[in-house]
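This report is an introduction for a reader who is meeting the structure for the first time.

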Amino acid sequence: GNIATLEAEMLALEADTEVCTKYEKICGLASTDWRVMSGAKEAVYQRKVVWSTLCEYLAFSHNALEAKMSVLNVDNFTKSLKDYKMLAAKLITDIGDAVSRRLEQEIQKDLVQLPLFTALASTAMQERHWAVILEALHVEGVDWAEVTMKRLLEWGVLEHAAVCHDVSGQAVAE
């Protein structure tokens, strides 16, 4: 399930029909009552909306993981994550297919990590705080200002969440 595979599926769907070829229209359909459309068109619309939303979310999540923790705007990330969660719930209610459920699962994975993500993205975190975290992760020779959540996850940050929360709490208290 990588983004390129999902984008290829979307391109195939767009080639199958002339309806909603513009991405903006696809997004606008997320709040449409599906019952007003005819059978075949309804199925195409639904598949396009769900697949495009999943592709969009995976790209959003990937970009957030690749952002440097020192410059990440966690408030915008949190708001977008909550917006996607509401959209996924609507798609599950309206469509309820496997792709809608996958979207929900992907969002849930990020929601579980959100408290840690928020703690580490705190503007109070300075070089000395990152030094403690990187030491706990047994990582050396890394510029703290270049650290991304993706790298932290690769280094096993989830197993050291308590240390990260403690250090972030101390940084905020200073």
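## Helices α4 and α5

Within what distance do the axes of helix α4 and α5 come, and at roughly what angle do they cross? The axes of α4 (residues 74-94) and α5 come within 9 Å and cross at roughly 155°, where axes are lines fitted to C-alpha atoms, for helices over the stretch in contact, and angles run from 0 to 180 degrees between N-to-C directions. That makes α4 roughly antiparallel to α5, since angles over 145 degrees count as roughly antiparallel, under 35 as roughly parallel, 65 to 115 as roughly perpendicular and the rest as oblique. Helices here are DSSP runs (H or I, at least four residues), numbered from the N terminus.

In the contact (heavy atoms within 4.5 Å), the α4 residues include Phe77, Leu81 and Leu91, and those of α5 include Ile107, Asp110 and Leu114. By class, this contact has 12 nonpolar, 3 polar and 4 charged residues, with Ala, Val, Leu, Ile, Met, Phe, Trp, Tyr, Cys and Pro counted as nonpolar, Asp, Glu, Lys and Arg as charged, and the others, Gly among them, as polar.

## About the model

This is a predicted model, in which local features need pLDDT of at least 70 and side-chain atom pairs count only at pLDDT 80 or more, while totals for chains, interfaces and linings use all residues. Residues are numbered from 1 along each chain as its sequence is written, and side-chain values use heavy atoms, with hydrogens and water left out.

## Helix α8 and its partners

Helix α5 (residues 98-120) also packs with α8 (residues 161-173), at an angle of about 40° and with the axes 9 Å apart, and that makes α5 oblique to α8. Pro115, Leu116, Ala119 and Leu120 of α5 meet Ala161, Cys164, His165 and Ser168 of α8, a contact with 6 nonpolar, 2 polar and no charged residues.

Helix α6 (residues 127-136) packs with α8 at about 170°, their axes 10 Å apart, which makes α6 roughly antiparallel to α8. His129, Val132, Ile133 and Ala136 of α6 make this contact with Val163, Cys164, Val167 and Ala171 of α8.

## The lining of the largest cavity

Ser61, Ala64, Leu65, Phe77, Asp110, Gln113, Leu114 and Phe117 line the largest cavity, a cavity being a set of points on a 1 Å grid over the protein atoms alone where a 1.4 Å probe fits but cannot get out, and lining residues having an atom within 4 Å of a point. The largest share of this lining, 4 residues, comes from α5, and the lining divides into 5 nonpolar, 2 polar and 1 charged.

Conventions
Helices (H or I, at least four residues) and strands (E, at least two) are DSSP runs, numbered from the N terminus. On a 1 Å grid over the protein atoms alone, a cavity is a set of points where a 1.4 Å probe fits but cannot get out, and a pocket is an open set with protein on both sides within 12 Å along at least five of seven lines; lining residues have an atom within 4 Å of a point.
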